[in-house]
Every structure is written in structure tokens, then in C-alpha cells.
Amino acid sequence: SVDAGVDKIICNALSSPISANDFGGTGNWSIISRPTGAIASIDVPASANANINTDKYGVYLIQRTVNVSGCPDGVVDVLAVDFRKLPTPFAGIDDTICGPDFTMAGVASGGRIVGQWSQLSGPSSASFEDDSLATTSVSIPAGQYGLYSFRWLESNLGCPDVPDDVQVLFEEQPVAIGGGDFAICGLSYDLNAVASTAANSTNYIGEWKSVSGPGTATLSPTNG
């Protein structure tokens, strides 16, 4: 008989030791299945304790064949070695959006690696259209503007989970109120606008401009 060992997962490496029990027989390792295009080899095929080396992640089936008297084809056992890549997630760069909806700009590692969005902080609970997509859209409740933090977490079986975080500042659309129309006797007038305000924003900046008239008006100050 022969025991090729227990199937294994190798994370973020392209080499692995393999060990068989030939039970006193004479054995040989061979690779019977590999990812398309992979270049793989076993350093000492005749040794029960050897190493498999490859250039591509994926599942490899390695057969141990032991010659036994009276069995012309020998006896075999098959070992599966699954080489998996450590995730390298990218959640995108910090950004600002005017309005309650934002499209995340994450980049998934791809392959067999899976990812999921979650919210870390913010004035309220945001909702994802599809939290398993790196480029999904996220929305906040009406009026709950401010700074939100999100996490894109990627997983690959047998490897540690790897996170990447991003911040999005949701800003409310300003509403400009310049005041009512007036007629004035004279050449000067005190303009009286109503500035936009929001509980979670300090970024509103207002400015007066002259857009028409028979002459050139002077505004002082332009932001008052």
C-alpha cells in the first residue's frame, strides 16, 4: 500500500514539501493534473519526502505510485495541493460626493478571492447595492450627510483575511437664496442672502457676482 499524505492548502507560496509512506516499497511521484499553462516539477520524484515547485497558483494533483510484487501497475495514492494567493485588496482613494449616492472605486484581487464591503463609521447606516462587488454603489439615508468610513475585506480559503479602508464625505447640495427683488432710491444697497447650512458640513462657501445691469456694480465684500 501507499499513503501520499493529507490534501493541503498553501497560502502565498509556490512551493511545498510533500511526504508519502511507501510501507517499505519503492515509489515515485508524478503530477497528474495542474492549472493550464503551469510549469511544475518535483525535485526528487523517487524520494518519499520531496518538494513540488510551480509558477502558477491553483490545484495540483500529485500521484505516488509504489511498485509492489505481484501488482504490475503498482499501487497509487493521490495528493491534492492547492496553492492560493494572499489577497491584495484596494478600497479606492478617499473621496467627496455631493448627494446621498456614491459608487465605490475598489479593485478586487480576482481569481478565487472573494470580497465584501462593510461600514466602519458614519452619522447613520449606509446601504450597499451589492456588498460583494468592489465597484458597487452605496447610499445614505435622507439628510444624514457627513463623513463615512467603509472597509473592503477580501478572503481566500487557507489565507488570512486582508482589509483595506476608504473614507467618503457625503455633502448636501447647497441651496442659494439671494433674497427678494427690490427697488432702491440711490446708488447703494445692502444685499441680504440666506446662506446654506447643514449639520454635518462646514464646506459651504458663498460669493456674490454681478450678472447684468446698465453699469458695473461693485460688491464689497463678495462673500458677505
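Trainee: What is the strand order in the open sheet of three strands?
Mentor: The order is β9-β12-β11, with antiparallel pairing. Strands here are DSSP runs of E, at least two residues, and helices are runs of H or I, at least four, numbered from the N terminus. Two strands pair if DSSP finds at least two bridges between them.

Trainee: Which strands stand at the edges?
Mentor: β9 (101-103) and β11 (127-128). Each has a single partner strand, so one side of each is left without a neighbour in the sheet.

Trainee: And how many bridges hold β11 to β12?
Mentor: Two, in the antiparallel sense, with β12 covering residues 137-139. F128 stands opposite V138 in β12.

Trainee: Before I go on, what kind of model is this?
Mentor: It is a predicted model: local features need pLDDT of at least 70, side-chain atom pairs count only at pLDDT 80 or more, and totals for chains, interfaces and linings use all residues. Residues are numbered from 1 along each chain as its sequence is written, and side-chain values use heavy atoms, with hydrogens and water left out.

Trainee: New topic. How many disulfides does the structure hold?
Mentor: One. C11 and C159 form it, with sulfur atoms 2.0 Å apart; the cut-off for a disulfide is a pair of cysteine sulfur atoms within 2.5 Å. The pair links distant parts of the chain, 148 residues apart. C11 is in strand β1 (residues 8-11), and C159 is in the loop between β13 (146-155) and β14 (162-171).

Trainee: Why is it called right-handed?
Mentor: Because the torsion about the S-S bond of C11 and C159 is about 120 degrees.

Trainee: Is C159 buried or exposed?
Mentor: C159 is buried, at 10% relative accessible area. C11 is partly exposed at 25%. Buried means under 20%, exposed over 50%, partly exposed in between (1.4 Å probe, protein chains only).

Trainee: What about C98?
Mentor: C98 is partly exposed too, at 44% relative accessibility.

Trainee: Now the inside. How many residues are in the largest nonpolar core?
Mentor: It has 16, and those with the most contacts inside it include W29, I42 and I62. A core is a set of buried Ala, Val, Leu, Ile, Met, Phe, Trp, Tyr and Cys residues joined through side-chain atoms within 4.5 Å.

Trainee: Which strand supplies the largest share of this core?
Mentor: β7, with three residues.
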